[in-house]
Amino acid sequence: MFEKIAHIGVAVKDIKASTKLFRKLFGKAPDHTESLPEYKVHTVMFEIGHSSIELTEATDAESPIARFIEKRGEGVHHVSFVVDDIEKEIARLKQQGFQMIDDKPRLGADNYYVAFLHPKSTNGVLVEISQKKA
Ligand code: ZN
């Protein structure tokens, strides 16, 4: 079951400059900062109510974030939803004909298991589903 929007991912070129900008926008400091070497990104999270904004900067030209910015520029990259049972949701979504990028959940930022759907099957929106690691 989809429960809520976990976060909206924003692809940025310069995470220091963007952190300053979003700090000014929200009037608060970020809540969480994390580097994910396996995804070749730095992330900064701002919690806003029950959801967050996740700024993501590529640390390598081969990172999907770098390729996204090259093609489409900075901006909204993905929408992440909290689900109650990620394995069950992956099976359900596949059965419904959605194309998964990740057939199996993998560990993402902030101790969440995540899986991405292919934007081709969701009207161009990159959808991430996530479940907090127990
Ligand atoms: Zn995300």
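This note sets out points on the zinc site and the salt bridges of a predicted model.

1. Zinc donors. The zinc ion is held by protein donors at 2.0 to 2.7 Å, namely His7 (NE2), Glu54 (OE), His78 (NE2) and Glu128 (OE). Along the chain these donors are spaced as H-x46-E-x23-H-x49-E. Histidine 7 belongs to strand β1 (residues 2-12) and glutamate 128 to strand β8 (residues 127-132), so that this pair, 121 residues apart, links distant parts of the chain. Both histidine 7 and glutamate 128 are buried.

2. Geometry of the site. The angles subtended by the four donor atoms around the zinc ion run from 81 to 170°, and the arrangement is therefore irregular. A tetrahedral assignment would require all angles to lie between 85 and 135 degrees.

3. Salt bridge within helix α3. The structure holds four salt bridges. In one of them, the side chains of glutamate 89 and arginine 92 meet at 2.9 Å, N to O. These two residues lie three apart in helix α3 (residues 86-95), which means that about one helical turn separates them. Glutamate 89 is buried, at 5% relative accessible area, whereas arginine 92 is partly exposed at 37%.

4. Further salt bridges. Aspartate 102 and arginine 106 pair through their side chains at 3.1 Å, N to O. Aspartate 102 counts as buried, with 8% relative accessibility, while arginine 106 is partly exposed at 31%. The side chains of lysine 94 and aspartate 103 also form a salt bridge, at 3.2 Å, N to O. Here lysine 94 is partly exposed, with a relative accessible area of 41%, and aspartate 103 is partly exposed at 48%.

Note on methods. Residues numbered from 1 in each chain as written. Predicted model: local features only at pLDDT ≥ 70, side-chain atom pairs only at ≥ 80, totals over all residues. Heavy atoms only, no water. Donors = N, O, S within 2.8 Å, 3.2 Å for Na, K, Ca; no water. Tetrahedral: all angles 85-135°; square planar, octahedral: opposite > 155°, others 65-115°. Helix = DSSP H or I, 4+ residues; strand = E, 2+ residues; numbered from the N terminus. Buried < 20%, exposed > 50% of the residue type's maximum accessible area, 1.4 Å probe, protein only.
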